Amino acid sequence: MRTLPLGSTGRQVSVIGFGEMPLSIQGRPDDPTGMRVIHSSLDAGVTLIDTADVYCTSHLDIGHGERLVAHALRSWRGAADGILLATKGGMTRPDGRWERNGRPEHLRRACDASLQRLEVDRIDLYQLHAPDPAVPYDESVGALADLQREGKIRWVGISNVSVAQLESARALVDVVSVQNRLNPFFREAVRDGVVERC
């Protein structure tokens, strides 16, 4: 599979990544089926897996996606050290709802829990899931910059952002990825200039 560099990291990743979310939210398959899907994507040459702590059904299931990915990588017959793992923090799932929480203390706890679930000493790419209107954006991004300085995450990414938020984040940390929704039905990332700025 063709690869491209991930931002300024020098790391090459497959042009098609694997978004793990459908394997963990409502309507998901059983875990053995989910693992076979992940294995098939890796066998096809995918080298970037994206998940999040809130890819689950509710707060009672938090981290399902990260645990599934860790288990799939552990049991895959290929060289898992060539796979780049991306996860996200900054949201919660109380009773199945999607709510934002960009407080630095929450992000720190979420990152520590993700490290354990992914069974790694450092997360390759940790992304702020979404800006939290109740928290200054610089405080949320600053928490990720602190986690990077502490060696808990290698690279910082952001998600669901505007051009202004991208620039604000870039003033604090080297942003290597922007993960905004973009498909034939949702074109705001193009319309609002985020794709062009990236």
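Reply: Start with pairing: two strands pair if DSSP finds at least two bridges between them. Strands (E, at least two residues) and helices (H or I, at least four) are DSSP runs, numbered from the N terminus. This model is predicted: local features need pLDDT of at least 70, side-chain atom pairs count only at pLDDT 80 or more, and totals for chains, interfaces and linings use all residues. Residues are numbered from 1 along each chain as its sequence is written, and side-chain values use heavy atoms, without hydrogens and water.

Me: What is the strand order in the open sheet?

Reply: The order of its six strands is 3-4-5-8-9-10, with parallel pairing.

Me: What joins strand 9 to strand 10?

Reply: Four bridges do, and the two strands run parallel. In strand 10, Val-178 is the bridge partner of Ile-158. The chain passes from strand 9 through helix 5 (residues 163-170) to strand 10 in a right-handed β-α-β crossover. Right-handed means that, with the strands pointing away from the viewer, the path from the first strand over the helix to the second runs clockwise.

Me: Why is strand 9 called largely enclosed?

Reply: Six of the seven residues of strand 9 (residues 153-159) are buried, so the rest of the structure largely encloses this strand. Buried means under 20% relative accessible area, exposed over 50%, and partly exposed in between (1.4 Å probe, protein chains only).

Me: What makes a nonpolar core, and which residues touch the most other members?

Reply: A core is a set of buried Ala, Val, Leu, Ile, Met, Phe, Trp, Tyr and Cys residues joined through side-chain atoms within 4.5 Å. The largest one has 36 residues, and Ile-38, Ile-49, Ile-153 and Ile-158 touch the most other members. Helix 4 gives the most to this core, with six residues.
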